[in-house]
Amino acid sequence: MIARPYPVYKDSGIEWAPRIPSDWEIARIKTRVSLVTEKAAEKTNPVALEHIESGSGRILQTDGTFDADGIKFRRGDVLFGKLRPYLAKSWLADNQGEAVGDFLVLRPHSGVYARFLHYITLGPEFIQTVNGSTFGSKMPRASWNFIGNMPCPFPDLDTQQRVTVFLDRETSRLDMLIRKQKQLIELLAEKRQAIITQAVTKGLDFAAPTKPSGVSWIGDVPQHWDVVALKHVLQIPITDGPHETPEFLDEGVPFVSAEAVSGGIINFSKIRGYISESDNEKYSRKYSPQRGDIYMVKSGATTGVTALVETDKKFNIWSPLAAIRCGNSVLPEYLLSFLRSRVFFDSVALHWSFGTQQNIGMGVLGDLPVAIPPLEEQRQIVETLAYQFSEIDRLDDRCTRSVALLKERRSALISAAVTGKIDVRGEAA
């Protein structure tokens, strides 16, 4: 593709698209798009925010479990997620159904090509502008009043169609590359799981004599290993954070919940928020984090995911996390590896219950068996895993960076095409 500009440009007066092709028009979105507000009387094809992949415009799944209280939409409508608009959750409907939850259902007028409108709502400048209108809100939520009054550049219908033909083709190519990188990341994760499971159930010496563990999902283990309930290798009973919602502040003590736990680590850039010193002191009477503690998500979509505390900084946790503190017979790094093994994760899945979401009780978790070698062998296993994972981590990091760069390229291409930075009419053939 050779990116060429349009022959002549003009000032638009639009902050997020300051110069546009001279023959493009400027119009407020509400003059080219209608907001649909008709409530659905029954459930036929409910679509929720969870179904839409951020920034891609794709539906992930529809499971039909949502109540029929959504807005009716039809083929060609654009469903824009107004809750946390920075997620860029926008979908062009290819059928009819009900938009359940925080959606704006946008219906283009006759002079607006539906796919062009959809690409506008995926453009990074559009998203940044809409998101900027929500700053200062505890729960960022875009409004139709703001979006409807946004001035927006619109070319003629023929140009809109040519732009979307070009973007459909080019984003499909980029999406294919993104999928391949994600598939490789999944394969690396599977390899990591296999290596962990082998090490924490069979050990490093393949010639060592074995014995039945007494647990079907663990199988045989080295003869000199112990197989005991998790609670018997812990310093304190498994506990969790407060079962109340604190007042969240702009600064203070970091408050960690399930979204910050993944990949064996705590991501402090994804904390739930900050709490006051007084709330932290109150919650710490029940449990106070310390280096070497392990957290497991015990409720929600990521139940069973674990992380190790590797910091001495002050923070606290919320109730979706179970806190596990090792006793003298087990190294935290080894126990984390066992809890991340496929056999243990599958056992958690077998024992969790369902209410409004999946969850596992702390008593049930404490009764699950774990395989424990002598301390020196635990150290050897931890060191061996760290060495084997170094190459996997390098490849995973490269793939992750590739995905991020491809997504940036996708967003930049959409932005350039729908704001007229590049003339793709000749490329649409």
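Reply:
**Aromatic pairs**

Of the 429 residues in the protein chain, 48% count as buried, where buried means under 20% relative accessible area, exposed means over 50%, and partly exposed lies in between, with a 1.4 Å probe and protein chains only. This is a predicted model, in which local features need pLDDT of at least 70 and side-chain atom pairs count only at pLDDT 80 or more, while totals for chains, interfaces and linings use all residues. Residues are numbered from 1 along each chain as its sequence is written, and side-chain values use heavy atoms, with hydrogens and water left out.

The structure holds 14 aromatic pairs; rings of Phe, Tyr and Trp (its six-membered ring) pair if their centres lie within 6.5 Å, and planes under 30 degrees apart count as stacked, over 60 as edge-to-face and the rest as tilted. The rings of tryptophan 217 and phenylalanine 344 have centres 6.5 Å apart and planes at 70°, so this pair is edge-to-face. Because tryptophan 217 lies in the loop between β12 (210-212) and β13 (220-222) and phenylalanine 344 in helix α7 (residues 342-351), the pair ties together parts 127 residues apart in sequence; helices (H or I, at least four residues) and strands (E, at least two) are DSSP runs, numbered from the N terminus. Tryptophan 217 is partly exposed, at 22% relative accessible area, whereas phenylalanine 344 is buried at 0%.

The rings of phenylalanine 268 and phenylalanine 315 have centres 5.3 Å apart and planes at 80°, so they too form an edge-to-face pair. Phenylalanine 268 is partly exposed at 24% relative accessibility, and phenylalanine 315 is buried at 3%.
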